[in-house]
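Me: I would like to learn how to read aromatic pairs in a protein model. Can you take me through one?

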Amino acid sequence: MWNPSKKIRTITSKILFIVFSLTSIFHVLALFQIIPYQYLWGGRLQSLEEMYVMESISLIANVFFVFTSYLYLVYLKNGFVPTWIRIVFGFIAFIFFINTIGNLVAVTNLETLLATPITAFLSVVSFTLVPKYENQTSEL
């Protein structure tokens with residue numbers, strides 16, 4: 001079975017930490033209406049109120065993803081990643097897979113062309129953190 005090395009997992013979790021941090025900033029910009037809501041959520045938002053609800057949920061989710069990526073790095077440094085955090089990354093990978101499908105049918109071309117590759121990448125990268133990891137050091 002495929003089992004990424006500690007180095008791959010470290011790089012992956014750092015990438016996710018950075019991307020989720022930047023995405024959180026994006027959602028804050030959307031909440032402050034610096035990014036017009038017509039370009040968000042596949043162009044399907046009908047009002048500012050709807051945008052506030054959806055973007056607030058997105059921001060909360062992304063902050064959770066940032067925190068989870070940080071925790072993964074801490075656990076990895078200690079040599080053991082618990083099952084619950086691997087399950088969370090399986091869930092994150094699934095969420096981004098479903099989001100990728102949603103982006104493919106978005107009303108706005110911007111979301112289809114820009115967000116689809118990003119969410120597909122995030123799904124694959126998140127999946128690399130799912131396999132079991134224990135420090136492989138042998139004690140001789």
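Me: Which residues do ring pairs link into a cluster?

Reply: Ring pairs join Phe 20, Phe 64, Phe 65 and Phe 96 into a cluster. Keep in mind that this model is predicted.

Me: What describes a pair of aromatic rings?

Reply: Two things describe a pair: the distance of the centres and the angle of the planes. Now the case here. The structure holds 6 aromatic pairs. One of them is formed by Phe 20 and Phe 65, with 5.1 Å centre to centre and 45° between the planes. That pair is tilted.

Me: Where in the chain do Phe 20 and Phe 65 sit?

Reply: Phe 20 lies in helix α1, residues 6–31. Phe 65 lies in helix α2, residues 48–78. They are 45 residues apart, so the pair links distant parts of the chain.

Me: Why is the pair of Phe 65 and Phe 96 tilted?

Reply: Look at the angle. Their planes stand at 55°, and their centres are 5.9 Å apart, so this pair is tilted. Planes count as edge-to-face only over 60 degrees. This pair also links distant parts of the chain: Phe 96 is in helix α3, residues 83–104, and lies 31 residues from Phe 65 in helix α2.

Me: Why does Ser 58 count as buried?

Reply: Check the cut-off: buried means under 20% relative accessible area. Ser 58 has 9% relative accessibility, so it counts as buried. Ser 58 is in helix α2.

Me: Which residues is Ser 58 in contact with, leaving aside neighbours within four places in sequence?

Reply: With those neighbours set aside, Ser 58 contacts His 27 and Trp 41.

How values were computed:
Residues numbered from 1 in each chain as written. Predicted model: local features only at pLDDT ≥ 70, side-chain atom pairs only at ≥ 80, totals over all residues. Heavy atoms only, no water. Phe/Tyr/Trp six-rings, centres within 6.5 Å; stacked < 30°, edge-to-face > 60°. Helix = DSSP H or I, 4+ residues; strand = E, 2+ residues; numbered from the N terminus. Buried < 20%, exposed > 50% of the residue type's maximum accessible area, 1.4 Å probe, protein only. Contact = heavy atoms within 4.5 Å.
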